[in-house]
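Welcome! Take a moment to look over the chain shown here, and then we can walk through a few of its parts together.

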Amino acid sequence: MTAHRLRIATCFLGLVATLTFSFGQSGPAPSARPGTAKKSVDSLDRFLRAKMSQLSIPGMQVAVVQRGQLVLNKSYGFANLQDSVPVTHKSIFAINSCTKAFTGVAIMQLVEDGKLDLSAPISRYVDDLPADWQPITIKQLLTHVSGLPDILRVLSPSTGGLADLGSEEAAWEKVKTRPMDFRTGEQFSYNQTNYVLLGKVIDRLRSKPFAQVFSEQQFQPAGMKNTVFGDSRDVIPHFAPTYSIKNSLDGKKLSEAKLTNNYAEFPASRRTASGLNSTAEDMAHWIIALQQGKLLKTKAALYTLWTPGTYNNGSPTQWALGWGLTKFRPKHRAVGMSGGGRSAFLVYPDDDLAVVVLTNLGGSSPENFIEELAGYFNPDIPQSDPITALRLQLQKRGFEQAIPVANELKKRNLQPDENELNDWAYRVLSSGQTNEALELFKLNVSLYPESWNTYDSLAEGYERLGNHTLAIENYKRSLAMNPNNTNATGHLKKLAQVSK
C-alpha cells in the first residue's frame, strides 16, 4: 500500500459507519460446528475492510445471493465524505456500465415478445443510418463487434456531456459522419454508440422511452425501489457521489495524491450504456428476479442472454449480450458486468450464487477481488479462476515474476484467458501501475504469440513508459498480423510525429 492511500484510508475507516448482515435460509449448513458461521462472518468482514483500506475506498456495499435468497447485505464506510454521511443499505451508487446488462435483458424481452430478431440488421428498426451501419446486427451491437465510431469522441472528453454541440441530435449527426473503425465482426471494441442504437430500438418497438420500459419491466417486477437513471446534474436522494484519486490536476503534477469529486454527464440517449444508479440490495433482487423467471419467461432466453456472440470466423467474442464479464471455464462459470471501475457483479449459474459489490471510488475495480469474495461462500471458486490465482501470487512475489508464475499455474490447468488478462492489465495500467501492467502485457504475448492484440497492448504499455522504440516495434508487429488494426496505425503516426 502506498503512503497516500494509507492516509486517505485511515481518515474514514477509523470511523466505519453502518453494518447490516443477514443470513437467509441458504446460510451455513445446519451441520456446521458452533461458532463456524461467526468465524466465517468475521473473516469475510476483515477481508472487505482490508480491501477498503488497501484501495482507499470511502464507501462500499456488498450483497450476496445464494439459492435464490439474499444471504449477505453489508454496508461500509461513508457515502459522502464531505459531511461524514454513512453508507446504509439505501445508499445509491452509480453503476455506470453495469447498465448494459439491463439493456441486454430489455432486448431479450423484445425477442421473447416476438418484436425483435437478434440476427436482424439494425436498419430494420432504426431509420436514416449510414450505409456501412445498416447491415450490423443487434447481436453485434450487444457484443461490441460492430466497428462503429464511438460517440464519446464527439462528446466532451472531461464530462461525457454535449459540450458545445448543443443537442443530442447534433451529436448523433456528427458521429454518423465518422468512418467505421474496422470491418464489422472482425474485432472487438468497447463502444457506446452500440448502446445508443439499442436504446433507439427499445424506444421504437415499445413506443415509449426506454427509461420507462426499464422501470415497468425490470425495476418494478424485481422490487428495485432505489434504482434510478441520472448523473451528476440530477438530485438523487441518498446518493453516494463518486470520488477519484488524482496524481495531477489542471495539468500539474501534485506532490501527493488527492481525493477528488467526480463529475459525469450522461445525455438521455446514452443512459442505456451508463445511466443507472442503484444499491447492492436492489441489484441482488434484480438477479433473483432474473433467475426466477420474473423478467424473462424461459430458461432458453436466459441461456441466450449469457451466451457469447461470435466473430465472422465463428470464434466466440468476450462479451455475452450486454454482459461483459464472462468466465466460461470448466468449473464455476460466471457472467456479470463491471462499471466505471467502481461497481461489479458476477452470477455463478452452476453454483446458484451471485455477488454484487458497489463502491464510490473510481478505479477501485471491485471486479479484481469479487471472486475472492465469492470464495467465502464456495472456497473452490477463487482456486478455479486463473486470473485470481495469478494475481494473488504476483502480489506476493512481484509482477516481474508473471511469466514463471503463469507457467506454474499452467501445470494446474490454470491458464488465463487472453481477453481477461488483457482487461486486467488495462485496469492495472489505469491505476498508475505502468510497470506492473507492462509485465502482464508481456505475459499475454508469451501465452498468445499469435494474437495481434497482445502485441498492440504491449506496445501501449511501452508507449506509456516512454520507450518509443519498443512501442513502435510492437505496433508494427501487431499491424503486420492485422493490417486493419487502426489503433496501431494511429499510434504509429503519433509516435512518428513525436520522433521528428
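Asp352 is partly exposed, because its relative accessible area is 32%, and partly exposed covers the range between buried (under 20%) and exposed (over 50%), found with a 1.4 Å probe and protein chains only. You will find Asp352 in the loop between β11 (343-348) and β12 (353-359). Setting aside neighbours within four places in sequence, Asp352 is in contact with Val65, Gln66, Arg67, Gly68 and Gln291; contact here means heavy atoms within 4.5 Å. Val65 lies 287 residues away from Asp352 along the chain, yet their C-alpha atoms are separated by 8.0 Å.

A word on the background: this is a predicted model, in which local features need pLDDT of at least 70, side-chain atom pairs count only at pLDDT 80 or more, and totals for chains, interfaces and linings use all residues. Residues are numbered from 1 along each chain as its sequence is written, and side-chain values use heavy atoms, with hydrogens and water left out.

Stepping back, the protein has 19 helices and twelve strands. These are DSSP runs numbered from the N terminus, with helices (H or I) of at least four residues and strands (E) of at least two. Here are some values for the protein as a whole:

| Property | Value |
|---|---|
| Span of the C-alpha trace along the principal axes | about 65 × 55 × 45 Å |
| Radius of gyration | 22 Å |

Now for a hairpin. Strands β6 (residues 243-249) and β7 (residues 252-261) run antiparallel and are joined by six bridges; strands pair if DSSP finds at least two bridges between them. Leu249 has Lys252 in β7 as its bridge partner. Two residues sit between the strands, and Asp250 takes a positive phi near 55°.

Finally, visit helix α13 (residues 386-397), whose twelve residues reach 16 Å from first C-alpha to last, close to the 16 Å expected. That expected span is 1.5 Å times one less than the number of residues. Among the buried residues of α13 are Ile387, Leu390, Arg391 and Leu394. Gly398 follows α13 with a positive phi, near 100°.

Technical notes: The radius of gyration is taken over C-alpha atoms; the globule rule is 2.2 Å times the number of residues to the power 0.38.
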